[in-house]
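I opened my notebook to look up a few side chains and ring pairs. My entries follow the viewing.

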Amino acid sequence: MIENNLHTGGKSVLLVMPTIGEVVQCSQLCKEIKRLFHDIPVYAIVEDDGASYSAKNIKEINRLFVYRADTELEAVKFLKYIKPFLILFIENCYYPQFVIEAKKMSIKTLLVSAAMNNAIREHPRYKKCSLLGAYKMFSFIGVKSPAYIKNFLALGVDEEKLFISGDLKIDRNRLVISE
């Protein structure tokens, strides 16, 4: 049934959790997603075998994809294939092209358990997101603590898009999707 939804216009939720650290944070979040959207497939993308191995243990994930390329063509092709109505990024913006293309397709994007400081902003992995202005394109950003709000504001993120989600590594029961 879920596989059929991929090809017949069914909607889905996409989790972006490239590394094992993000996967570990997602177990409670996945339970909450399935509680709210029990008939909607939950897909996840990871970047490596370690993350893939761990993510396979999260029973709420209906299908797992290994995704390594963040190009416009790949992002468009993948998003059209799985048709998400919501993309949840865990901790940071690993694939800015997903955010850019999602905005063009009117897909909601949410970054949770987010942190931002100079080291993160200048890190080679995340710098592209800042340079492309992708942080401003997120529908909402949930930060780990109030201390990070000013850093996202400095990147041009609208204040009304920011909220405190807590740190999913330690605040496992904090996030309630309805918030």
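Before placing any residue, I note that helices (H or I, at least four residues) and strands (E, at least two) are DSSP runs, numbered from the N terminus. I also note that the model is predicted.

**Entry on Glu22**

I looked up Glu22 and found it in helix H2, residues 20-36. Is Glu22 buried or exposed? I read a relative accessibility of 4% for Glu22, so I log the residue as buried.

Next I listed its contacts, leaving aside neighbours within four places in sequence. Glu22 is in contact with Met17, Ile90, Glu91 and Tyr94. With Tyr94 I also found a polar contact between the side chains, at 2.3 Å.

I then checked a C-alpha distance. Glu22 and Val46 are 24 residues apart along the chain, and their C-alpha atoms are separated by 9.1 Å.

**Entry on aromatic rings**

How many aromatic pairs does the structure hold? I logged twelve. One of them joins Phe89 and Phe138. I recorded this pair as edge-to-face, with 5.1 Å centre to centre and 85 degrees between the planes.

Where do the two residues lie? I placed Phe89 in strand E4 (residues 84-90). Phe138 sits in the loop between helix H8 (134-137) and strand E6 (140-143). The pair therefore ties together parts that are 49 residues apart in sequence.

I checked burial for both rings. Phe89 is buried at 0% relative accessible area. Phe138 is also buried, with a relative accessible area of 0%.

Ring pairs link Tyr43, Phe65, Tyr67, Phe78, Tyr95 and Phe98.

Notes:
Residues numbered from 1 in each chain as written. Predicted model: local features only at pLDDT ≥ 70, side-chain atom pairs only at ≥ 80, totals over all residues. Heavy atoms only, no water. Phe/Tyr/Trp six-rings, centres within 6.5 Å; stacked < 30°, edge-to-face > 60°. Buried < 20%, exposed > 50% of the residue type's maximum accessible area, 1.4 Å probe, protein only. Contact = heavy atoms within 4.5 Å. Polar contact = N/O pair within 3.5 Å; in protein donor to acceptor, adjacent residues only side chain to side chain.
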